[in-house]
Structure formats: C-alpha cells, structure tokens
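Please look through the structure below with the following explanation beside it, which turns to a ligand site and then to a pair of helices.

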Amino acid sequence: MASGRLRRKWARNILTVLAIAVSFSMLLSLSSISLGLHRASEERLSGSPRDIVISSLGLQPSIENSHEIASELKQDRNLSAVMPVLTVLGRLALDKGHEGDVEVGDKISLKEGMETMTVGMVGIVPDMALDFMEKENELFIRSDLLRFNGWFSEGSDPFHGSNYSDNWTGELILDENILDEHGLDIGDRVYQVNGSGQICAEYTIRGSIETSLVGAGLTAELLGGIGMVHLGELQWATGNHKKETPEGMTSDLANAIYLNLDESLATTDAKRRYSMMLESRFPGLEVTSKESRLYRIDEEVLILEVFAVSVAAATISIGLLFLSSIMIIDVEDRKADISIMRAIGISRRTIFLQTVRDSLVLSSLGAVIGLIPGWQGSSTIDAFLRELYGLNIAFSSFEPLVFMGSIIYLFVLASIFSLVPAIWATTIMPGSTLKDLRNR
Amino acid sequence: MDIELREVSRRFRMGETFVHALSEINLVIKGGEMMSVTGPSGSGKTTLLNIIGTLDRPTSGRLILDGENVTDLSEGRLSKIRLTRFGFIFQQFYLLPTLTAFQNVYLPIRENGGYGPSGKKRARELLGIVGLSHRMKHLPSQLSGGEQQRVAIARALANDPPTILADEPTGELDSENSKIIIDTLRDLNRDTGKTVIMVTHDPEIARRSKRIVRMKDGKILK
Ligand SMILES: Nc1ncnc2c1ncn2[C@@H]1O[C@H](COP(=O)(O)OP(=O)(O)O)[C@@H](O)[C@H]1O
Ligand SMILES: [Mg+2]
C-alpha cells in the first residue's frame with residue numbers, strides 16, 4: 001500500500017515537473033525574444049544606417065534613365081553616395097573549349113554539352129560603388145557585406161557612355177564559391193546566355209567576391225553566388241538597355257538606386273524627411289531603408305513584446321497553478337504526518353517552509369528540464385523572424401540575463417503560488433487529527 | 001517539572017449535544033513522579049494527557065507548568081513547550097512513515113537548533129540507548145511494532161524533556177515487547193528523574209507505578 005502511494009506521488013510529481021518545464025521553457029524563449037527585439041530596435045538607434053534604397057515595385061526593373069538620375073542625385077550635397085543597380089538572375093556559360101571572341105551584337109548558339117550556371121548578376125558603376133565603401137574592398141549593401149579581391153580597372157561605365165555600341169569592357173567579378181566550384185581562375189572567360197539560350201556577351205573574370213558574409217542565407221544558397229559587371233553591359237546583355245513596353249519605349253533600366261545620406265543627415269528624423277521627399281519625387285517607386293524596415297519592426301515589436309510577455313506570464317501561471325493544486329493535494333495527503341509533527345513540537349514555520357521548499361524543488365527540476373526546449377524555442381522563433389523581416393539580425397537574445405531573470409521570476413512566482421498550500425499546512429492542528437488517525 | 005491542573009474541563013461538541021470528556025479535574029504531578037492513569041475506554045484518559053501535553057486546550061480551567069499558567073499561551077509558545085518539555089509516546093507510535101528511524105529522531109533535535117554533527121550524534125546515541133543502532137536507516141514500515149515504539153521513545157527523548165507522556169504505549173504490542181517498553185520508561189524515571197505519565201488499561205502494568213490515577217466519566221476517582 002505504501003509503495004502504491006509512493007508510485008502515485010511519483011507520477012504526479014513528474015507531471016508537475018513537466019508542467020513547470022513546459023511553462024518555463026515558454027517563459028525562457030519568449031523573454032529571450034522580448035529582449036532580442038528590444039536589442040534590435042536599440043541597434044537601430046545606435047548604429048547609423050544611412051542607406052536608402054529607391055527600388056522598383058515589381059520584379060522587373062522599372063527605373064528608367066538610371067544613369068542620369070544617379071548623376072543628378074549625386075549633385076545633391078545631402079547624399080554621400082549614389083549608385084544605380086540592376087540585379088537579374090543570369091545564366092553564364094563556361095569557356096572550357098575556347099569558343100572564341102564574342103563581338104557586341106553576336107548571337108551564338110550554345111554548343112552541346114557546354115557547362116552553364118545560374119548566377120545572381122549585379123550591374124553597377126564601379127566608381128559610384130566605391131563611394132559606398134567604408135573600408136577598402138568592403139561594400140556594405142543593406143545589411144550585407146561583400147569583400148572584394150580585385151576590382152574593375154574601368155571605373156566608369158563606358159559601354160553605356162557610348163550608347164551601348166562600343167567600349168565593351170567585359171569585366172566580371174565573380175563569387176569565390178563559383179570560382180571554387182567550377183575550377184575557374186582570374187583571367188578566365190565566361191559567356192552570358194540570353195533568354196533564347198544564345199551566347200550574347202563575353203566577360204573576363206577580374207576578381208572575386210567573398211560572400212560568405214552575406215546575410216540572407218536562403219537566396220545565397222539558391223543562387224550559388226553573385227557576379228558583378230558594369231551596369232551598361234548587363235543592361236545590354238539582358239535587354240534592359242532599351243525595352244518596349246505598353247507605355248512606350250524605355251531605356252537604361254535598373255531595379256534600384258542605392259543612396260547613402262551624408263553624415264550630417266544621419267538622424268532618424270532627417271532621414272525620414274528625406275525619404276518622404278524621395279517618395280514624392282519618384283512616384284511609383286518604393287523608397288525603403290534598413291531603418292524603415294527596422295522601423296516597421298519597431299512598431300510590431302511593442303505588440304510582439306506585449307504578446308510575448310502576456311503569453312509567458314499566462315503559461316507560467318498555469319504551470320504554477322498546477323503546482324499549487326498538487327501541493328494542496330500533497331498537504332491533504334500529509335495531513336496526518338503534519339499533525340504528528342505539530343504534536344511533537346515542530347513549529348508552523350518549519351511546516352510552512354517545508355511546503356514552500358517542496359514547491360521550489362519541483363520548480364527547479366522543471367527549470368532544468370525546460371532549459372533546452374526553451375533555448376530551442378527561442379532560436380526557432382528567431383529564425384522565423386529573420387525570415388519574416390529579411391534582416392540578418394538577432395531577434396532573440398538567449399543570454400545569462402534572460403536565464404537568471406526567468407529563474408528568479410519562476411522562483412518568486414513559485415513561492416507566491418505555494419503560499420496557499422503552505423499556509424493551509426500550518427492550520428493543521430496537533431491534537432485534532434490524532435483522534436482521526438487513531439480511528440483510521 | 002511540576003504539573004498542575006486546576007478545575008480543568010474539556011467538552012466536545014457532538015452535533016446538538018456536548019460530550020464532557022473531562023469535568024473539573026484537579027491534579028498535581030510533582031517532577032520525577034511515575035504515574036499511571038487507568039480507567040475504562042472513553043473515561044477521558046487521552047483527553048487528560050493531551051491537555052497536560054498542550055496538544056489540546058481545556059474548555060475551562062488552567063494548566064500550570066512549574067508555576068506558569070500556560071493555558072492561554074500562543075500556538076507558537078505551546079509548540080516550543082511540546083518540543084522541549086514533553087516527550088510523547090503514542091499507542092500507534094506515530095512515526096513519520098517517509099523518514100528513517102534516524103531521521104525521525106533527528107527531526108525534533110534539528111527543530112530545536114541541534115542541526116549539524118552534534119545533533120546527529122545525539123540522534124544516533126538515543127537510538128543506541130533503545131538498542132536500535134542497527135536499524136537507523138530503516139523506515140518505520142520496515143520495523144516491528146516493538147522497534148517502532150523504541151524509536152518513538154528515542155524521539156521522545158530527543159530534546160531531553162523533563163516529562164514523558166505515554167498514551168497506552170503497549171496497547172499494540174505483545175507482552176515481551178510491552179515489558180521492554182515499560183522497563184525502559186521505568187528506568188528513565190528512576191535513573192534520570194524524568195516524570196513519566198502513562199495511560200494504561202493493564203492493571204499489571206499500572207501496579208508498577210507508585211501512583212495510580214483512576215478515571216471514570218471524565219472524573220478522577222478518589
Ligand atoms: N476530538 C473529539 N471530538 C469529540 N469527542 C471526543 C474527542 N476526543 C475525545 N472525545 C470523547 O471524549 C470522551 C473521552 O475520550 P478519550 O479521552 O479518548 O477517552 P479514553 O482515552 O479514556 O478512551 C469520549 O467519549 C470521546 O468520544
Ligand atoms: Mg485513549
């Protein structure tokens with residue numbers, strides 16, 4: 001009979017510990033997310049993200065006369081750097097058998113068995129890109145860091161300058177990963193393949209880009225890497241130099257114009273004002289910044305934080321209510337024992353503390369078990385939020401502070417929730433139940 | 001310790017009516033006495049012992065310990081009195097079932113501030129005195145009735161109280177074990193001068209005390 005009772009107690013104690021573990025892991029992950037979100041918006045304030053991006057709304061490049069607009073903006077003393085960018089998913093063919101020179105305007109069929117690869121092609125104006133570099137060889141675009149080995153020898157965009165007819169440089173800076181994967185070297189030639197599967201342009205590899213530091217992991221994995229060329233040449237190779245649209249003839253198309261505000265304007269307010277000015281100047285285009293995306297988070301942070309904190313508080317309370325009722329059952333079970341203890345002079349204080357201590361022991365076990373799932377949960381939510389906002393920042397902050405804070409919170413609440421059973425335990429009188437005991 | 005009851009009554013409510021378990025009891029027990037309380041079942045013996053041991057309060061009348069009226073002391077004070085001035089031995093032993101023999105004895109020692117090595121040593125010594133050195137780690141359920149009652153005696157002696165209250169301590173035991181318990185109590189009275197107040201049905205056992213108090217219907221027979 002005694003062992004049966006013990007087993008039953010075991011089961012319920014394990015369940016109690018599990019209930020606390022579940023709620024504690026919830027508390028842990030939600031508070032680390034809360035803190036992480038807090039840190040993220042702090043980062044917005046402390047860092048000086050000066051970037052603004054004017055971009056096409058759809059996937060198709062829709063910024064016309066991008067070179068011209070960029071040069072115009074460059075005159076603006078409020079801007080320290082301006083650069084038009086065309087990004088397209090391109091196909092490059094490898095020059096394994098020396099296919100020979102490709103002249104501007106050539107359209108050569110792909111040979112049987114020619115190796116091709118998909119590359120995220122980025123067209124830029126090298127000299128303009130230099131303005132964005134805070135360190136030599138390092139280009140920060142949005143939250144991504146690109147590190148270069150080798151650079152364009154032609155800083156301007158001469159092919160565009162000749163109205164897409166002459167001065168083809170063919171300079172290409174290719175992702176290190178692609179070089180490694182396909183056994184390519186500086187000086188090797190590759191060809192651009194157009195939509196109809198014909199070779200239409202020729203590039204020579206002039207350098208490499210280290211993109212392991214690029215934040216958005218998913219796109220990097222899908223593409224395999226990026227390649228940078230002169231903007232005009234990419235426009236020409238992809239038909240974005242001149243394009244017929246229902247609205248008429250368009251030319252010099254780009255997806256985006258990257259801007260850096262001058263140091264003097266790098267306050268949140270000035271930046272917002274400048275962004276609004278750009279919005280009215282470029283209707284139909286989107287004006288965003290890392291900051292504006294962070295700003296969006298900021299508004300949602302509060303909601304998320306309130307939500308996280310209330311869910312955490314609710315779950316931990318449920319866990320502890322469970323503990324509380326189990327402790328009451330426990331006191332009920334130990335009524336006879338407590339009565340004996342009171343009879344031989346054990347004080348109410350001791351009995352009170354004993355009950356509280358039992359609660360804390362169960363809570364500690366729950367905390368230990370809940371630690372790993374709590375951490376797991378926090379990193380899962382973190383990954384989800386990174387994906388959601390497309391920002392490579394830590395949304396969760398799983399650190400000793402969170403752990404200690406949660407532990408203290410748990411213990412304080414556990415103590416409070418064990419008050420009812422503990423106080424109730426002290427009301428058991430020494431003599432009264434001895435009589436009942438005798439008759440049991 | 002001298003114990004004095006003055007006009008002590010205790011009645012229990014039983015639905016509409018009252019049960020007069022004790023009626024105006026006057027009793028003086030001098031320190032060092034060995035006293036037996038006898039009487040038919042329901043005559044109020046246990047109630048008397050509980051009131052002496054402050055487990056219960058009289059409905060009226062006073063309990064005086066060494067000249068101090070303790071009748072209306074707070075629960076906390078009474079708890080301390082039970083811890084230090086009384087040792088309790090019950091018919092059903094009332095050991096804590098989840099604690100080992102050693103822990104059962106150590107519990108009141110620790111409660112009285114005797115934690116640490118010296119307190120533990122005392123618990124071991126007491127178990128040695130009742131001949132249970134080899135049963136320290138046993139749970140009550142693993143002990144015989146006689147052994148359990150000896151653990152209870154060791155526990156009663158934990159804080160070296162001047163008075164031992166034993167309510168039918170041999171009621172659940174065979175004659176051999178009964179003899180050991182009664183001998184132990186008598187030795188305690190004789191060798192250490194502790195007051196021993198013992199409730200018993202058994203006239204043989206009662207006869208071994210110098211003083212016998214006979215009860216009937218909540219009164220002491222003269
Ligand atoms: N807690 C109680 N509630 C109600 N009646 C009680 C209680 N304790 C004792 N009594 C009654 O008081 C009387 C004396 O009981 P008790 O002191 O236990 O007698 P004894 O120990 O001599 O057998 C009995 O009639 C008993 O039923
Ligand atoms: Mg009785």
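Sorted by class, the shell around ligand 1 contains five nonpolar, six polar and two charged residues, where Ala, Val, Leu, Ile, Met, Phe, Trp, Tyr, Cys and Pro count as nonpolar, Asp, Glu, Lys and Arg as charged, and the others, Gly among them, as polar. This is a predicted model, in which local features need pLDDT of at least 70 and side-chain atom pairs count only at pLDDT 80 or more, while totals for chains, interfaces and linings use all residues. Residues are numbered from 1 along each chain as its sequence is written, chains are lettered from A and ligands numbered from 1 in the order in which they are written, and side-chain values use heavy atoms, with hydrogens and water left out.

Ligand 1 is surrounded by 13 residues, each with a heavy atom within 4 Å of it, and the closest are G42(B), G44(B), K45(B), T46(B) and T47(B). Because the surrounding residues come from chains A and B, the site is shared between chains. Within chain B, β1 (3–14), β2 (17–29) and α1 (45–52) each supply at least two residues of this shell, and α1(B) gives the largest share, three residues; helices (H or I, at least four residues) and strands (E, at least two) are DSSP runs, numbered from the N terminus.

A polar side-chain atom of K45(B) lies 2.9 Å from an oxygen atom of ligand 1, while an N or O atom in the side chain of T46(B) is 2.7 Å from an oxygen atom of the ligand, and for T47(B) the corresponding distance is 2.5 Å. On its own, ligand 1 has 550 Å² of accessible area, of which the protein covers 75%, as computed by the Shrake-Rupley method with a 1.4 Å probe.

Elsewhere, in chain A, helix α12 (residues 400–417) and helix α13 (residues 419–426) pack at an angle of about 40°, with their axes 5 Å apart. The helices α12(A) and α13(A) are therefore oblique to each other, a word for angles that are not under 35 degrees (roughly parallel), over 145 (roughly antiparallel) or 65 to 115 (roughly perpendicular); the axes are lines fitted to C-alpha atoms over the stretch in contact, and angles run from 0 to 180 degrees between N-to-C directions.

Methods:
Polar contact = N/O pair within 3.5 Å; in protein donor to acceptor, adjacent residues only side chain to side chain.
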